[in-house]
Amino acid sequence: MCYKSWALCVLLCLLGWSCTRNTPEGASRSNYPEIFPDYIGVTVPPNIAPLNFKVENPHSSAFVLFSGSGDSLVVKERNGQIRIPLRRWRALLEKSTGGAISVTVRLKEPEGWKSYDPFSIFVAKESINPYLVYRLIEPGYAQWNDLGIYQRNLESYRETPLYENKMTDHNCVNCHSFCMQDPDRMLFHMRAVSPGTMVILDGKVEKLNTKTNKTLSPLVYPSSHPSGKYVAFSVNNTQQSFHLNDINTIEVFDNKSDVVVYDVEKETIATSSLLFSDTSMETYPTFSPDGQTLYFCTAPAVTMPASYDSVHYSLCSIAFDPEKRTFGDRVDTLYNATLDGGSVSFPRVSPDGKYLLFTKAGYGNFSIWHKDADLFLCDLKTGKI
């Protein structure tokens with residue numbers, strides 16, 4: 001479409017929406033459109049990137065009106081996508097902060113033009129940190145020769161690499177972690193070729209060999225202490241197997257596992273008999289934001305893989321004294337798998353220390369492959385889940 005035709009089309013749409021709010025002749029209004037991702041009724045921060053989406057209702061053409069406090073824009077569908085211009089989106093967000101953006105979808109369907117009920121996208125007053133970091137890997141279980149750790153700018157959606165494994169003979173790179181979301185304090189593991197733990201502290205990069213003659217494996221699943229002086233890890237004897245007749249076709253399990261705390265300055269390991277024993281399997285440690293509590297998952301030691309579907313991990317905590325580098329003499333249980341029958345993995349504490357998010361599945365501790373896995377939130381003040 002030439003520029004003049006496009007401008008005329010946009011102008012007509014704006015006139016139709018802003019002046020009369022009526023639908024074209026023969027059109028009808030009914031419910032909400034089917035869009036993906038589903039942004040209907042969501043609340044977003046005022047610095048989020050454009051919420052592009054696609055309309056899944058059968059149609060041949062689409063226009064979408066975004067309107068806020070004294071501002072609006074119309075976006076025409078191109079190549080099956082509603083792609084919102086960044087500058088116009090930012091201006092709309094700024095004017096709608098603390099309020100809402102109304103979104104009206106108008107489609108040319110087989111029966112004719114249809115205008116759907118407008119839905120709201122609410123805009124919070126609080127901004128979010130502008131970057132998200134993640135590992136990007138092909139969606140499989142056998143190949144990991146092409147992967148990396150990337151950062152996404154949440155304000156523009158631009159992705160840039162932090163580390164790509166093609167720099168180190170395509171080895172496995174995983175378990176990246178930051179100290180209290182501080183980008184100057186980071187670590188990640190390398191496996192196979194050039195194994196070790198890469199620690200980045202204020203511009204200094206150091207590679208550590210964290211396998212000792214007293215631990216099952218190199219250190220994994222890190223969680224940094226807020227002081228930056230310690231990192232909690234688990235050490236795991238992990239295996240992978242496959243099911244022929246099970247909805248969870250891939251099974252990852254631990255034969256043994258323990259939890260330790262690594263002293264970054266002294267390069268030594270501390271632990272407790274409550275975290276390191278032959279009778280239990282402890283894993284997935286995570287520090288509280290004040291550094292006084294260490295949360296972890298634990299299950300009674302069983303014979304694996306024979307008991308893979310009957311191992312249930314509870315969510316527990318133990319006190320930690322960062323000055324003395326010592327642990328408490330008792331373990332508190334937040335979620336008792338014996339009573340509930342579920343199994344906990346991947347606990348994470350909110351930055352304000354009020355809530356703990358965790359994954360719960362029917363059994364096991366590697367819920368990534370479990371289709372029944374759901375997220376739960378624990379109020380740390382009341383203990384309510």
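In the predicted model, the side chains of E251 and H370 are joined by a polar contact of 3.1 Å, and a further polar contact, of 3.2 Å, links the side chain of E251 to that of Y363. The residue E251 itself belongs to strand β18, which spans residues 250–263. Although E251 is buried, no salt bridge is found for this residue, and the nearest side chain of opposite charge, that of K371, lies 12 Å away. Because a salt bridge requires a side-chain nitrogen of Lys or Arg within 4 Å of a carboxyl oxygen of Asp or Glu, K371 at 12 Å from E251 does not qualify as such a partner. When neighbours within four places in sequence are left aside, the residues in contact with E251 are Q239, Q240, S241, H243 and Y308, together with Y363 and H370, the two residues whose side chains form the polar contacts with E251 described above.

Elsewhere in the model, an open sheet is built from three strands in the order β25-β26-β27, with antiparallel pairing. Its edges are formed by β25 (343–349) and β27 (374–379), each of which pairs on one side only. On average, and with direction ignored, neighbouring strands of this sheet are turned by 30 degrees against each other. The pairing between β25 and strand β26, the latter comprising residues 355–361, is antiparallel and extends over five bridges. Within this part of the sheet, V344 has K360 of β26 as its bridge partner.

Key
Residues numbered from 1 in each chain as written. Predicted model: local features only at pLDDT ≥ 70, side-chain atom pairs only at ≥ 80, totals over all residues. Heavy atoms only, no water. Helix = DSSP H or I, 4+ residues; strand = E, 2+ residues; numbered from the N terminus. Buried < 20%, exposed > 50% of the residue type's maximum accessible area, 1.4 Å probe, protein only. Lys, Arg positive; Asp, Glu negative; His and termini not counted. Polar contact = N/O pair within 3.5 Å; in protein donor to acceptor, adjacent residues only side chain to side chain. Contact = heavy atoms within 4.5 Å. Pairing = 2+ DSSP bridges. Axes fitted to C-alpha atoms, helices over the stretch in contact; angles between N-to-C directions.
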